[in-house]
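Colleague: Could you walk me through this model, starting with a helix and moving on to ring pairs and a cavity?

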Amino acid sequence: MQKPFLIVLIVAILGALAISQFTPELYSAVAFFTGAIIASVIFTLQPSPANANATGGDTYTGPTMTLYVGNLPYRVHEGEVKELFGKYGPVSSVRLVRDRKTGRRKGFGFIEMSEAGAKKAMTKLNEFEFQERTLKVREAKSQDAEKNEAAQAS
């Protein structure tokens, strides 16, 4: 079950109990449905966080670039990296790479952001001291580009 449905159900039951206490001549089924309707109306009127982000100015639709960021602290979280790179332009996504077996971070990741912001971030954040580590910021190469380079070298 989804979380909002459970919340509406709980609020409906509590509403039914409250309504039946104040108006004993009302059947409990009617009180339950009244509580469900009131709870549903309250939840539909409140904007959800997902809808707030979709309508806000946070989404970037222009050209993007993916950056490779190396030598990240192992304890860093996606939000901290997004905040750091967000100073230079809109950040679409942050992916910090984890070890498959242990689940621990490997100390590097990829940031997708606006092309202009990525170029600024590359110049400003390469060799930048972040949480006692010196970052390495480069444009990420696709796996196809690496295969082509390897084929040309041989």
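Colleague: Happy to have it in view! Which residues of helix α4 (residues 78-86) are buried?

Modeller: This is a predicted model, where local features need pLDDT of at least 70, side-chain atom pairs count only at pLDDT 80 or more, and totals for chains, interfaces and linings use all residues. Residues are numbered from 1 along each chain as its sequence is written, and side-chain values use heavy atoms, with hydrogens and water left out. Helices are DSSP runs (H or I, at least four residues), as are strands (E, at least two), numbered from the N terminus. With buried meaning under 20% relative accessible area, exposed over 50% and partly exposed in between (1.4 Å probe, protein chains only), the buried residues of α4 are Val81, Leu84 and Phe85.

Colleague: Why do the buried residues of α4 line one face of the helix?

Modeller: An α-helix has 3.6 residues a turn, so residues three or four places apart point the same way. The arc is taken from the directions from the helix axis to the C-beta atoms. Seen down the axis of α4, its buried residues line one face because they fall within an arc of 90 degrees.

Colleague: Nice. How many aromatic pairs are there?

Modeller: Rings of Phe, Tyr and Trp (its six-membered ring) pair if their centres lie within 6.5 Å; planes under 30 degrees apart are stacked, over 60 edge-to-face and the rest tilted. By this rule, the number of aromatic pairs is 3.

Colleague: Why does the pair of Tyr68 and Phe108 count as tilted?

Modeller: Tyr68 sits in strand β1 (residues 64-70) and Phe108 in strand β3, 40 residues apart. Their ring centres are 5.9 Å apart, and the pair is tilted because the planes lie at 40 degrees.

Colleague: Which residues make up the cluster linked by ring pairs?

Modeller: Phe108 also pairs edge-to-face with Phe110, at 6.2 Å centre to centre and 85 degrees between the planes. Phe108 is partly exposed, with a relative accessible area of 24%, and Tyr68 is partly exposed at 28%. The cluster linked by ring pairs is Tyr68, Phe108 and Phe110.

Colleague: Last one: which element gives the largest share of the lining of the largest cavity?

Modeller: A cavity is a set of points on a 1 Å grid over the protein atoms alone where a 1.4 Å probe fits but cannot get out, and lining residues have an atom within 4 Å of a point. Phe108 is among the residues that line the largest cavity, and β2 (91-98) and β3 (105-114) each supply at least two lining residues. The largest share, 4 residues, comes from β3.

Definitions and conventions:
On a 1 Å grid over the protein atoms alone, a cavity is a set of points where a 1.4 Å probe fits but cannot get out, and a pocket is an open set with protein on both sides within 12 Å along at least five of seven lines; lining residues have an atom within 4 Å of a point.
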